[in-house]
Amino acid sequence: MKLYFWGTGKGCRKALHNYTGTEEITGFIDNNPEHTGQYFEGRAIVRFKDVENDFDYLVVTVVNYAAIAYQLRQSKTDPEKVLFYFDGSQSEEKIRVFFDSKGWKIDILEKRLEELERVVNIRLDNAGYEIADKIRQNGYRFPMIHSGEEAVNRIVNEKCSMIRFGDGEFEIIAGNDRVNFQKYDGELGSRLKEVIQTEQENILIGIADNYGNLELYSEEIADGIRGYMTEETRARHLSLLRLNRIYYNAYLFKCYYPYKDKSGTAERVRFVKRIWQDRDVILIEGAQTRTGQGNDLFDNVKSIRRILCPTQNAYAKYQEILDTAKDLIKDELVLCVLGPAGKVLAYDLINSGHQVVDIGQMDMDYEWYRAGAEKKVPNPKKYVSQLPPAEVEDVDDEIYLGQIIACIENKG
């Protein structure tokens with residue numbers, strides 16, 4: 001029998017501890033390309049696509065396995081060949097084939113208790129801010145965040161530009177690593193601080209509306225915000241923001257996934273698409289981001305050209321990216337999808353006379369909407385910055401390939 005375990009982390013070690021099966025484990029699967037070809041517990045780590053048609057049984061040992069379940073459904077893997085170790089609804093009879101059922105039950109219980117403790121703690125920690133946003137008690141300070149709708153109107157009618165700041169940018173300014181696609185760089189941190197504190201009236205600064213009432217967001221998103229927005233984090237943010245300045249909601253370009261009520265997604269997308277309606281567009285993005293490829297996000301533009309940059313650690317090639325952009329941009333609207341490096345790029349291009357809008361991961365949010373995804377799931381043809389690293393397939397879309405006017409690589 002060819003038996004594979006999917007996962008090489010803490011969850012897998014728990015499963016191995018309770019493994020009582022008589023069959024020898026053939027190998028381990030991991031989506032992270034950096035792990036492929038290495039060894040875990042003396043056995044090779046492989047990619048799923050290399051073995052998807054060549055195994056008798058697969059045990060998924062990843063604790064948060066929703067994305068893997070989606071990947072397996074997309075590959076049309078026979079569900080009878082798969083066991084999700086941390087799915088408490090799995091039948092005990094099925095578990096007993098490979099594992100000590102008592103140990104398995106303890107692992108499931110520990111998982112549930114850990115999750116319950118985490119949720120309770122972050123909700124309690126953040127409760128005061130959520131209440132304060134409604135009743136405005138003394139002692140709490142909030143940045144002034146205007147709506148995304150107002151931002152779109154200013155971008156369209158006044159030809160303003162917009163640069164968004166998320167937790168990744170705030171952490172880099174603070175000297176910390178957070179995003180997996182951009183290593184910390186001191187110069188980048190200094191430039192980001194310069195950008196967020198600009199007083200130029202034609203630059204709209206977007207920040208996430210995370211500081212108070214979270215009732216619009218799904219529980220998953222709200223709990224993620226609660227976990228991040230600690231007292232220390234709030235203090236860092238407020239040290240950079242001015243309470244008398246108007247900021248704009250950075251969730252403007254996340255039309256689907258964050259919201260509890262997703263019925264308004266189509267209308268939100270239509271409203272945002274006004275930004276590039278009948279405009280000539282230059283899109284500056286990571287080489288594997290492929291914003292709008294395979295969907296209708298840009299079906300209302302006059303034309304679109306693309307400058308491709310390194311998918312990871314783009315700031316290492318910043319000067320080349322900036323010089324290339326200045327050489328190629330004429331009077332087009334510039335859309336930027338380049339993580340923290342893209343914020344600095346947008347700022348420098350604006351100061352060179354261009355209108356730039358930093359739209360972030362709107363495309364992936366739109367893809368999840370089109371798929372009706374309830375969880376953040378991988379896309380085999382696009383880099384998903386919000387999920388662990390995974391291999392991205394090549395595309396042979398002639399229209400997309402014909403839009404590329406420059407490609408800047410990050411070698412070495």
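Select Arg118 and Glu115. The two form a salt bridge, with the closest N and O atoms 2.8 Å apart. Here a salt bridge is a side-chain nitrogen of Lys or Arg within 4 Å of a carboxyl oxygen of Asp or Glu. Both residues sit in helix H5 (residues 101-135), three residues apart, so about one helical turn separates them. Helices (H or I, at least four residues) and strands (E, at least two) are DSSP runs, numbered from the N terminus. Arg118 is partly exposed at 39% relative accessibility. Glu115 is partly exposed too, at 38%. The classes are buried (under 20% relative accessible area), exposed (over 50%) and partly exposed (in between), with a 1.4 Å probe and protein chains only.

A note on the model before moving on. It is predicted: local features need pLDDT of at least 70, side-chain atom pairs count only at pLDDT 80 or more, and totals for chains, interfaces and linings use all residues. Residues are numbered from 1 along each chain as its sequence is written, and side-chain values use heavy atoms, with hydrogens and water left out.

**Next: Arg13 and Glu41**

Show both side chains. They meet in a salt bridge at 2.8 Å, N to O. Arg13 belongs to helix H1 (residues 10-17), while Glu41 is in the loop between strand S3 (39-40) and strand S4 (43-46), so the pair ties together parts 28 residues apart in sequence. Colour by accessibility. Arg13 is partly exposed at 46%. Glu41 is partly exposed at 43%.

**Next: helix H11**

Pick Glu267 and Arg270. Their side chains meet in a salt bridge (2.9 Å, N to O). They are three residues apart in H11, so about one helical turn lies between them. Glu267 is partly exposed, at 46%. Arg270 is exposed, at 52%. Now select Arg123, Glu130, Glu219, Asp223 and Arg226: salt bridges that share partners join these into one network. How many salt bridges does the whole structure hold? The search finds 30.

**Next: the second largest pocket**

Stay with H11 and turn to the space it lines. H11 gives four residues to the lining of the second largest pocket, the largest share. How much space lies in this pocket? About 390 Å³. A pocket is an open set of points on a 1 Å grid over the protein atoms alone, where a 1.4 Å probe fits, with protein on both sides within 12 Å along at least five of seven lines; lining residues have an atom within 4 Å of a point. Grid points are joined across faces, edges and corners, and the volume is the space filled by probe spheres set on the points.

Select Gly148, Glu149, Leu216, Asn249 and Tyr259. Of the 19 lining residues, these are the closest to the pocket centre. Then show strand S7 (144-146), helix H6 (148-157) and helix H11 (265-272), the elements that give two or more residues to the lining. By class, the lining has nine nonpolar, five polar and five charged residues. Ala, Val, Leu, Ile, Met, Phe, Trp, Tyr, Cys and Pro count as nonpolar, Asp, Glu, Lys and Arg as charged, and the others, Gly among them, as polar.

**Last stop: the cysteines**

The structure holds zero disulfides (pairs of cysteine sulfur atoms within 2.5 Å). Select Cys255. Its nearest cysteine sulfur, that of Cys336, is 18 Å away. Cys255 is buried at 1%. Go to Cys309. Its sulfur is 7.7 Å from that of Cys336, the closest cysteine sulfur, too far for a bond. Is Cys309 buried or exposed? Cys309 is buried, at 0%.
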